[in-house]
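Please keep the sequence and the structure in view while reading.

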Amino acid sequence: MLPVGRGLDLKNLTEVKDQFFQTLNRFIPVFEVSLALAGGGCKAFYALGVGKVLRDWGVRFNEVSGVSAGAAMAMSVLSESEEATVEYFEEITKRNSRNFHFSNLLRGEPTFPHEEMYRRGIRFGMHFDKILASGAKVIIHTVRAHPKENSLKNKFRLARLISETGRAFIQDDRDKSEGKPASRMPEIMKKWNMEDIDFTEKDFTNPEIIEQFILNSSSIPPIVDFQSVNNEYYLDGGLTNNLVIEKFSPNAKIIGIYYEPSTIVGKDPDLLKRTYLIKPSKKLTISSFDYTNPVGVRETFELGKRDAEEQKSEILDYLRKDVSSFNPAKN
């Protein structure tokens with residue numbers, strides 16, 4: 001390598017130039033996009049990896065939606081803390097030996113470690129000031145149940161609600177994966193007086209509020225407790241919509257990240273045609289609720305980064321297009 005000055009060669013000069021333009025892109029965004037992150041527990045680290053790469057390219061997220069763990073990852077992206085978030089979760093999963101602690105049952109303590117670890121991860125990765133400074137419109141999707149005459153205070157009725165809702169979701173998800181119509185969840189929603197709720201950036205008064213919104217969107221008893229706030233009860237937003245692309249601005253350019261084919265079954269075909277969809281290029285090495293697998297956390301994050309880089313030309317071509325010229329998404 002030919003030297004161009006004392007202590008500097010052409011290779012180093014190229015690296016400096018790349019770093020300069022990467023930094024410049026962060027302050028002068030090349031593209032604006034609406035980003036939707038699906039829920040999926042630890043699988044959502046894949047979406048975090050994609051989001052990190054998009055941000056490094058200078059893409060600005062003027063709208064962001066997240067469901068369940070996807071909401072937590074969306075806040076990490078807006079906080080620009082993706083790498084630190086992954087490192088932190090790697091560390092706490094290294095120290096967690098089991099996904100179920102039977103000995104805690106005998107002591108009357110929580111048997112699942114997930115909620116406490118999840119809360120810690122949310123707090124670590126979320127920077128309130130940066131989220132507000134991003135100026136992004138934010139949507140955190142969840143499901144809310146309105147008690148009828150305080151009926152949900154009865155633990156047996158709570159158990160029934162959780163059991164019936166879980167069963168309906170699993171059966172609907174199975175039908176969607178087989179290309180069949182799915183109608184059980186709407187019936188359960190009506191029976192238990194439930195409704196879809198979207199928390200937005202307008203509701204963000206402090207970090208604790210955002211944390212609670214994410215927990216509301218992630219409520220999957222017994223892994224994450226049934227969330228109760230002011231006599232209102234919340235369940236995982238993925239029960240009704242695990243990838244919120246319908247609430248964005250009419251002419252938005254949308255990038256949606258998901259992990260399972262059933263996530264997009266039943267969505268408006270025209271909306272899917274103008275959305276750039278990204279899903280894992282191979283099977284993820286972690287399951288949704290495996291909080292003992294730091295290697296899987298890292299590999300899932302890195303796969304998201306790698307898949308985004310490999311689709312860079314297609315993604316940037318999509319972002320350059322006029323909205324009226326959108327073609328069907330590839331994935």
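This is a predicted model: local features need pLDDT of at least 70, side-chain atom pairs count only at pLDDT 80 or more; totals for chains, interfaces and linings use all residues.

Most residues other than glycine have a negative phi. Ser 68 is not a glycine, yet its phi is positive, about 55 degrees. Ser 68 is buried, its relative accessible area being 7%.

Glu 80 is a residue other than glycine with a positive phi, near 55 degrees. Its place is the loop between α3 and α4 (82-94). Glu 80 is partly exposed, at 44% relative accessibility.

Side chains of opposite charge can pair when their charged atoms come close. The model has 21 salt bridges. One of them joins Lys 43 and Glu 260, with 2.5 Å between the closest N and O atoms. These two residues are 217 residues apart: Lys 43 is in the loop between β3 (32-37) and α2 (45-56), and Glu 260 is in the loop between β9 (254-257) and α11 (269-273). Lys 43 is buried at 17%, whereas Glu 260 is partly exposed at 34%.

Arg 298 and Glu 83 form a salt bridge with an N to O distance of 2.8 Å. Arg 298 belongs to helix α12 (residues 294-310) and Glu 83 to helix α4, so this pair ties together parts that are 215 residues apart in sequence. Arg 298 is buried, at 18% relative accessibility, and Glu 83 is partly exposed, at 26%.

## A pair within one helix

Lys 94 and Glu 91 also meet in a salt bridge, 3.3 Å from N to O. About one helical turn separates them, because they are three residues apart in helix α4. Lys 94 is exposed, with a relative accessible area of 53%.

Notes: Residues are numbered from 1 along each chain as its sequence is written. Side-chain values use heavy atoms; hydrogens and water are left out. Buried means under 20% relative accessible area, exposed over 50%, partly exposed in between (1.4 Å probe, protein chains only). Helices (H or I, at least four residues) and strands (E, at least two) are DSSP runs, numbered from the N terminus. A salt bridge is a side-chain nitrogen of Lys or Arg within 4 Å of a carboxyl oxygen of Asp or Glu.
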